[in-house]
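Trainee: I would like to learn how to read helix packing, domains and chain contacts. Could you take me through an example?

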Amino acid sequence: MAQRQQPLNRYALSRLPLWAGLAAFVAVIGLGLGSFIALLWQAPALQVAMLWQEPYLAGVLRFTFWQAGLSTLLALGLGIPVALALARRPRFPGRGLLLRAMELSLVIPSLIALFGLVAVHGRRGWAAPLWEWLTGSPSGYLYGLSGIVLAHVFYNLPLAARLMLQELERSPAVHWRLVAQLGLSRFAIWRTLEWPAIRRLLPRLAALIFTLCFTSFAIVMTLGGGPNSSTLEVALYQALKFDNDLALAALLALTQLVICLGLWSLAIAQGGAPSLIAGDSQAALFTKWRRRDAQGISWLTDGLSIGGLALLLLPPLAAVVLAGLSGLPDILTQPRLWPATLRSLVMALGAGIGAVLLALALLGGSGWLRARGRRFLGGVIEGSGQLILVLPALVMGTGLFLLLRPRLGGGFEGYALVVLVNAFMALPFAMQVLRGALLELPLAQRRVAEQLDIHGWPRFRWLLWPRLRRPLGLALAYAMTLSLGDFSVIALFGSPAAPTLPMLLYQELGGYRWQSAAATALVLLICVVAVFGLVSALTRRSPRYLWKRRPEPAHASM
Amino acid sequence: MPCINRFSQALALGIGLGLFASGATWAEDRTLTIYTYDSFVADWGPGPKVKEAFEKQCGDCTVNFLALQGGVDILQRLRLEGESTEADIVLGLDMNLMAEARALDLLVPHEADLTPLNLPIDWDDETFLPYDWGHFAFVYDSEALPNPPSSFAELLEAPEDLKVIISDPRTSVPGLGLLLWIKHLYGDEAGEAWQQLNRHVLTVASGWSQAYFSLFMNGEAPMVLSYSTSPAYHMAMEDTDRYQAAEFEEGHYLQVETAAITKAAEDPQLAREFMDFILTEDFQRHIPLGNVMYPAIDLGDELPEVFDRLIEPEGFTFSPEEVQENRRAWIREWLNASSR
């Protein structure tokens with residue numbers, strides 16, 4: 001008996017990833033598509049022709065495309081020289097700090113980013129005198145298309161450059177040694193090493209940035225200047241909240257879904273599966289090799305690229321910090337700030353863990369299927385994680401309401417829902433971080449594990465965990481910080497007597513408490529930085545074996 | 001830190017009872033659930049003090065606030081929940097949302113005595129009870145703009161370098177207020193008026209917070225669309241006369257915020273008691289500086305001194321039904337006038 005039980009057990013265990021993946025898939029589709037279908041089901045018939053027959057909607061659609069396309073092009077185009085420069089300069093004072101700031105740019109709440117951008121680039125901003133001196137006319141570039149693009153580049157260029165840098169740094173150390181030994185010129189390096197690495201990344205990166213710009217709302221509206229610059233989300237917001245036009249809302253959400261998912265499937269079909277989130281830096285690996293192209297004129301151009309990035313990214317953040325400092329005395333008289341901070345952190349932790357578990361399950365399931373030749377099914381399971389990226393929070397929230405009513409109160413139910421929805425919203429990002437580590441388990445190791453019959457817990461502990469620890473930490477950090485800054489979901493379900501930090505911020509704004517609001521924004525920013533720093537510090541723990549503490553280049557390149 | 005305790009209790013309770021069954025235990029004593037907006041229930045807002053005063057008055061009841069983002073969200077929530085709504089009272093629907101809320105057929109008459117009311121317009125609505133009011137107005141920075149326009153016409157004809165920040169009528173309540181204001185003043189010529197105004201518009205913010213905090217407080221433009229009562233806050237709490245509202249000869253669009261009882265109210269008697277309470281001084285004295293609006297009754301000497309220094313323009317409104325009927329068309333008109 002005992003003998004028979006073991007294989008059965010093992011059989012069940014080896015299928016665990018599949019079941020977990022399927023469960024997560026059902027949950028994601030249930031929540032994501034379910035809420036959307038609830039909206040469709042409540043709505044009267046869709047009039048798809050409205051999209052091009054209605055001039056207003058056609059204009060909105062055109063503009064949404066146009067600004068997102070332009071923002072994507074600029075973020076990618078400017079990101080390339082920045083990434084190349086950062087790769088060429090593996091050490092300079094403040095490089096580490098700059099990289100951290102670049103990783104953070106994705107998760108800065110839009111109200112805070114808006115405040116910082118206005119303080120720096122506005123008509124009375126820090127840069128205004130400089131602009132006036134340069135061009136002779138007063139600065140007004142923050143409003144209109146240029147403002148939207150500036151804001152989107154502020155958000156996405158650091159992200160793009162950081163990921164490209166990561167791809168560059170992933171190239172095997174031998175390649176860089178060869179580059180040094182052969183004394184390749186700048187152009188030759190670009191052609192043989194840099195471009196192929198970046199090229200692999202571009203389709204997915206472009207899809208990601210385009211999606212983020214396509215769905216952006218508050219920034220586009222406020223900096224856009226007027227109704228000429230409305231995005232689909234604005235039309236959706238109006239349809240859903242002011243007009244209660246469920247049919248139009250569903251139609252707009254569907255349009256967004258189709259466009260962005262179409263783009264994603266194009267990008268995924270382009271092949272290449274680089275990780276889209278900054279992971280581990282291996283900069284130390286190629287500092288040893290002196291590159292010929294690092295001297296002479298490139299000293300100047302690299303300085304320009306890196307300096308430009310710093311000037312784009314840091315001053316708005318500094319403006320938020322400065323404004324917050326002036327409100328610090330208010331913090332002491334603000335009894336709700338610390339409970340709000342704690343609440344935000346607890347909820348972020350919940351959402352973060354949820355996102356990571358979901359991501360692991362989806363990736364595990366799709367990996368299991370792929371390993372058995374079911375590539376398409378695996379792709380579907382994995383792709384479901386991206387669904388959330390293109391589903392407007394408002395649609396998800398409203399749909400959930402329709403699904404869960406009649407009972408959906410405030411208080412704990414509300415918070416539980418917020419945590420749940422936040423976990424789902426962070427899922428795409430968590431998956432991006434984890435998929436490299438989980439799917440790229442070297443075949444050789446896998447085979448050895450199969451031969452030695454290592455399954456279940458030992459397999460996880462000795463094969464997966466060492467590779468997963470660090471990406472897990474990063475995924476958790478991203479998911480937590482995204483949830484920390486969330487206002488859209490909490491505003492639907494939250495309870496005001498116990499606000500989270502973003503809610504408190506809006507309450508303070510609504511009550512004209514500018515100083516407290518600035519201080520709250522600073523605390524929120526500090527939380528984001530602290531969570532990021534803490535989680536990555538914890539998972540950066542030195543390896544178990546002392547002799548591995550300083551990896552040799554040959555060792556780490558695997 | 002009572003907040004943490006309350007939260008962790010709710011957490012424990014919620015876990016104990018399961019996600020969707022927790023509501024039942026609260027119904028033991030008399031509970032009043034009020035949907036409102038978030039700045040109403042902030043620590044410094046009127047909410048906490050109103051709760052305290054009413055609970056003292058009724059003896060054994062509990063007031064629970066559930067705050068949403070604004071009047072529009074309250075309406076939307078009510079619409080989604082229908083007859084199963086948890087709300088006994090909705091507090092925060094303004095006049096422009098009244099007709100749509102009424103059409104849901106979820107509200108019942110308030111039966112409160114309207115005689116104490118002190119509004120700039122007559123009020124005899126049976127369902128909606130006003131609790132505060134104010135005018136939409138352009139607030140200006142007197143250091144940047146010592147001589148603000150004294151009429152809407154003057155604003156429209158001012159030199160183009162006079163910039164204002166407004167909010168979008170598709171997403172914000174003051175934005176809709178401005179739309180109605182201009183429509184009321186200019187009627188069929190509202191489109192042309194918009195085109196003239198647009199020369200002065202620096203940008204159209206998505207909401208009041210973005211307009212006032214991110215833009216106006218950063219000094220981006222000397223004027224911002226807000227409320228005639230906004231300066232009261234600056235004068236009373238920040239001790240500065242720098243920010244004032246520009247008084248326009250033609251008059252200002254009026255905003256009246258109201259409360260109403262829902263059909264679903266578990267304890268209609270208690271809900272009515274609260275409606276009566278709204279028009280007492282115990283409620284109203286928290287409005288001027290808590291909600292930064294005018295109280296709905298005459299507070300006499302209790303009205304903070306700064307309110308005497310606010311502008312006192314003529315006020316006017318469309319009827320809620322007119323707004324409901326025409327809102328989409330008027331927004332369309334604004335879009336057409338502003339998209340070229």
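Mentor: Gladly! Start with the axes: they are lines fitted to C-alpha atoms, for helices over the stretch in contact, and angles run from 0 to 180 degrees between N-to-C directions. Keep in mind that this is a predicted model. Here, helix H12 (residues 232-242) and helix H19 (residues 393-404), both of chain A, have axes that come within 10 Å and cross at roughly 25 degrees.

Trainee: How are H12(A) and H19(A) oriented, roughly parallel or roughly antiparallel?

Mentor: Angles under 35 degrees count as roughly parallel, so H12(A) is roughly parallel to H19(A). Their crossing is left-handed.

Trainee: Which residues meet there?

Mentor: From H12(A) come Leu236(A), Tyr237(A), Leu240(A) and Lys241(A), and they meet Leu394(A), Val395(A) and Thr398(A) of H19(A). Sorted by class, this contact has five nonpolar, one polar and one charged residues.

Trainee: Now the domains. How is chain B divided?

Mentor: Chain B has domain 1 (7-133 + 256-309) and domain 2 (135-254 + 311-338). The centres of domain 1 and domain 2 of chain B, taken over C-alpha atoms, are 28 Å apart. In their contact, 20 residues of domain 1 touch 24 residues of domain 2. About 2000 Å² is buried between these two domains of chain B, with 65% of that from carbon and sulfur atoms.

Trainee: And what area is buried between chain B and chain A?

Mentor: About 6700 Å², of which carbon and sulfur atoms give 61%. On the chain B side, Trp44(B), Arg170(B) and Phe213(B) lose the most area to chain A, together 13% of what that side buries. The contact involves 76 residues from chain B and 69 residues from chain A.

How values were computed
Residues are numbered from 1 along each chain as its sequence is written. Chains are lettered from A and ligands numbered from 1 in the order in which they are written. This is a predicted model: local features need pLDDT of at least 70, side-chain atom pairs count only at pLDDT 80 or more; totals for chains, interfaces and linings use all residues. Side-chain values use heavy atoms; hydrogens and water are left out. Helices (H or I, at least four residues) and strands (E, at least two) are DSSP runs, numbered from the N terminus. Angles under 35 degrees count as roughly parallel, over 145 as roughly antiparallel, 65 to 115 as roughly perpendicular and the rest as oblique. A crossing is left-handed if the near helix is turned anticlockwise from the far one by less than a right angle, and right-handed if clockwise. Contact means heavy atoms within 4.5 Å. Ala, Val, Leu, Ile, Met, Phe, Trp, Tyr, Cys and Pro count as nonpolar, Asp, Glu, Lys and Arg as charged, and the others, Gly among them, as polar. Domain bounds come from an automatic or database domain assignment. Buried area is the accessible area (1.4 Å probe) that two parts lose on being put together, summed over both.
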